[in-house]
Amino acid sequence: MSFQKKKSSKGENVPGCMRSLLVNRIERLHAAIIKAIKYRKQQNNISYEDSIKMLKKDIVNSPKHVFDDHENCSNYFCKRKNLGEENHVIDMKRVGLWDDIGSIRSALTYHTESLMFNLNNNAAENYNSILAKFVGGKRVNLCLRGSYELRCNAAVTAYNAGANRFSLFHKKVVKKSPGVFTKRYIKRSQQLSDSRRRRQLFATPVQRLKSKNLLVPMRTMVLLT
């Protein structure tokens, strides 16, 4: 598979075989970290601080494991130590690709404690995306009194109530329910939202695989940028 950007962050040319290797194993990087998190969360015989340290060690070692350097792999983590696989880490270091992987790995190790608790900022990101729609990005003058605050309040209502915000606003202002067309729009919007949520929740393995195949080139482009 070819990509528009064929150089590492240091400007080194990345051979096609290395790019293909990264594409083929990028999902294994994700799976290795998920496995390490699950294992460390289930450990009850060591302290929390030790679990964090061991998880950091596993995350640091996971790229080496995926690219066939099993020297520092834990026993629970790896069963491929004696298979005699070709070590690709040296070649990836030579072309500068290993440094790009290492920068992403460093970001993960920094958030090890959040990974242990399954914490993320999805709610904040969702709110920010809704807020951006209300404020119109940087194209709108928000220096007037209360302008930005009003849009933030509207974004909060949209985040919490969804399409039903139109009904809530109408009842608050007019003191009665909205008309038939507004109700029809709200119902249609809620149906679309529920349908989208069900498709994501009950997607078949084939659909999930297609979705992953679409994301792999994008992730690899980020690594090679």
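I started at Tyr185, which is partly exposed, with a relative accessible area of 45%. The model I am reading is predicted.

I then checked Phe166 and found 33% relative accessibility, so this residue also counts as partly exposed.

Next I looked for aromatic pairs. The search of the whole structure gave 2 of them. In one, the ring centres of Phe67 and Trp98 are 6.3 Å apart and the planes stand at 80°, so I noted the pair as edge-to-face. I placed Phe67 in the loop between helix H2 (48-66) and helix H3 (89-94), and Trp98 in helix H4 (residues 97-110); the pair therefore ties together parts 31 residues apart in sequence. Phe67 and Trp98 are both buried.

Phe166 belongs to helix H8 (residues 165-174) and Tyr185 to helix H9 (residues 180-201), so the pair ties together parts that are 19 residues apart in sequence.

I turned to H2. The helix has 19 residues and spans 27 Å from first C-alpha to last, close to the 27 Å expected at 1.5 Å a residue. Where does H2 bend? I found a bend of about 35° at Val60, with a proline, Pro63, following within four residues.

I listed the buried residues of H2, among them Ile52, Leu55, Ile59 and Pro63. Helix H1 (16-42), H4 and helix H5 (112-116) are included in what covers the buried residues of H2.

Last, I looked just after H2, where Asp68 takes a positive phi of about 75°.

Methods. Residues numbered from 1 in each chain as written. Predicted model: local features only at pLDDT ≥ 70, side-chain atom pairs only at ≥ 80, totals over all residues. Heavy atoms only, no water. Phe/Tyr/Trp six-rings, centres within 6.5 Å; stacked < 30°, edge-to-face > 60°. Helix = DSSP H or I, 4+ residues; strand = E, 2+ residues; numbered from the N terminus. Buried < 20%, exposed > 50% of the residue type's maximum accessible area, 1.4 Å probe, protein only. Expected span 1.5 Å × (residues − 1). Bend = angle between axes of the 7 residues up to and from the residue. Contact = heavy atoms within 4.5 Å.
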